[in-house]
Amino acid sequence: MNIPKSHPRYLSLQIREKLVKGFENNLVAKEGLLAHGRGEAFDYIIGEKTSKFAKQAIKSAANMLNYAQNSVISVNGNFAALCSKEIIQLAKSTNSKIEVNLFYSSEKRKKAITKILKESGAREILGIDKKSSTKLVGIDSARRMVDKNGIFSADVVLVPLEDGDRTIALKKAKKKIITFDLNPLSRTAQTADITIIDNVTRAMKLLVIESKKKSKKHQTYNNKKNLKMAILEIRKNLERRAKSV
Ligand code: PTJ
């Protein structure tokens, strides 16, 4: 669909179109379209902009990735459809590996995701070769299959738009977890070490810029405080809207 630029919800509709196209090209699971709807609802009440607390989380995430020994960017269907270019840029600037890991796993989708990542400039993509795959304990979904040289041996893993089970399993495996999740109440948001409560389409661009700054190592970030600020921001926005009704 050709969305006119003058449409008041142009950006939001454009993101939807990317996901629909991603679904038609076998990148996105149909459940991924539903997951996006939940994200959209939270984005709406967050104000569809990157907040101060999200910027703080982005800075810390860039720092954590830059100082990791073996960082991995985990890619699912929605992430590939929305941010393929930025995934490659971030992997390059933070020296991270890229691994395809799907909740609704299928060979067809893995192939389509690998293709778009390669077209965007990726050289090595993990999570495809069965010979190097192994099981992550404490998780029953398809996400348990991980690459020995990737997520399995990583110290820092970026898991965007994630289901809670794997985040918990990865934490039990002593990994540091960074996530993008517009819902500050989700299990992933609550379990990760750094939760970027922002639309992945805005936040990934900022994370790439921030990672290129190569700031000095710092450890003052507090994720609980960050989540609290997001919830309070939602309350403030709702109160303001209630007053104007
Ligand atoms: O590609 P697959 O098979 O690995 O499946 C991917 C999905 C996203 C379908 C799968 O991981 C899933 O079901 O995720 P959940 O449990 O629905 O969680 C997704 C989270 O991402 C929710 O909390 C949403 O609010 C949030 N979300 C959705 N869209 C965005 C988002 N967060 C940031 N930016 C978005 N654009």
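## T50 and its surroundings

Apart from neighbours within four places in sequence, T50 contacts K55, I58, D198, R202 and L206; contact means heavy atoms within 4.5 Å. This is a predicted model, in which local features need pLDDT of at least 70, side-chain atom pairs count only at pLDDT 80 or more, and totals for chains, interfaces and linings use all residues. Residues are numbered from 1 along each chain as its sequence is written, and side-chain values use heavy atoms, with hydrogens and water left out.

T50 sits in the loop between helix 2 (30-46) and helix 3 (52-66). Helices (H or I, at least four residues) and strands (E, at least two) are DSSP runs, numbered from the N terminus. The relative accessible area of T50 is 16%, so T50 is buried. Buried means under 20% relative accessible area, exposed over 50%, and partly exposed in between (1.4 Å probe, protein chains only). The side chains of T50 and D198 are joined by a polar contact of 2.7 Å. A polar contact is a pair of N or O atoms within 3.5 Å; within protein, one must be able to donate a hydrogen and the other to accept it, and residues adjacent in sequence count only if both atoms are side-chain atoms.

Five strands make an open sheet with parallel pairing, in the order 2-1-5-6-7. Strand 2 (97-100) and strand 7 (194-196) are the edges; each has a single partner strand, so one side of each lacks a neighbour in the sheet. From one strand to the next, the twist averages 20 degrees. Two strands pair if DSSP finds at least two bridges between them.

Strand 5 (residues 156-158) pairs with strand 6 (residues 176-180) in the parallel sense, over three bridges. Within that pair, L158 stands opposite I178 of strand 6.

## Strand 1

Strand 1 has partners in strand 2 and strand 5. Its pairing with strand 2 is parallel and uses four bridges. There, I73 has I98 as its bridge partner in strand 2. Strand 1 and strand 5 also run parallel, joined by three bridges. V72 has V157 as its bridge partner in strand 5.

Strand 1 is mostly covered, with five of its five residues buried. In a regular strand, side chains alternate between the two faces of the sheet. In strand 1, S71, I73 and V75 lie on one side and V72 and S74 on the other, and all are buried.

Helix 4 lies across strand 1 (71-75), strand 2, strand 5 and strand 6. Helix 4 runs at about 170 degrees to strand 1. Axes are lines fitted to C-alpha atoms, for helices over the stretch in contact, and angles run from 0 to 180 degrees between N-to-C directions. Helix 5 (residues 107-119) also packs on the sheet, where it touches strand 1 and strand 2. The direction of helix 5 makes about 155 degrees with that of strand 2.

S84 belongs to helix 4 (residues 77-94). With 12% relative accessibility, S84 counts as buried. Leaving aside neighbours within four places in sequence, S84 is in contact with F79, I116, L117 and S120. P4 lies 80 residues from S84 along the chain, and their C-alpha atoms are separated by 24 Å.

## The ligand

The ligand is surrounded by 22 residues, counted when a heavy atom lies within 4 Å. F103, Y104, R109, R143 and D181 are the closest.

R109 places a polar side-chain atom 2.6 Å from a ligand oxygen atom. D181 has a polar side-chain atom 2.8 Å from an oxygen atom of the ligand. A polar backbone atom of L182 is 3.2 Å from a ligand nitrogen atom. On its own the ligand has 740 Å² of accessible area, and the protein covers 94% of that. Accessible areas come from the Shrake-Rupley method with a 1.4 Å probe; for residues, only the protein chains shown count as cover.

## Two further residues

T188 lies in helix 7 (residues 187-191). T188 counts as buried, at 1% relative accessibility. Not counting residues up to four places away in sequence, T188 touches E162, D163, G164, T167, T179, D181 and T195. D181 is also one of the closest residues to the ligand.

E239 is in helix 9 (residues 223-244). At 44% relative accessibility, E239 counts as partly exposed. E239 and D155 are 84 residues apart in sequence, and their C-alpha atoms are 41 Å apart in space.
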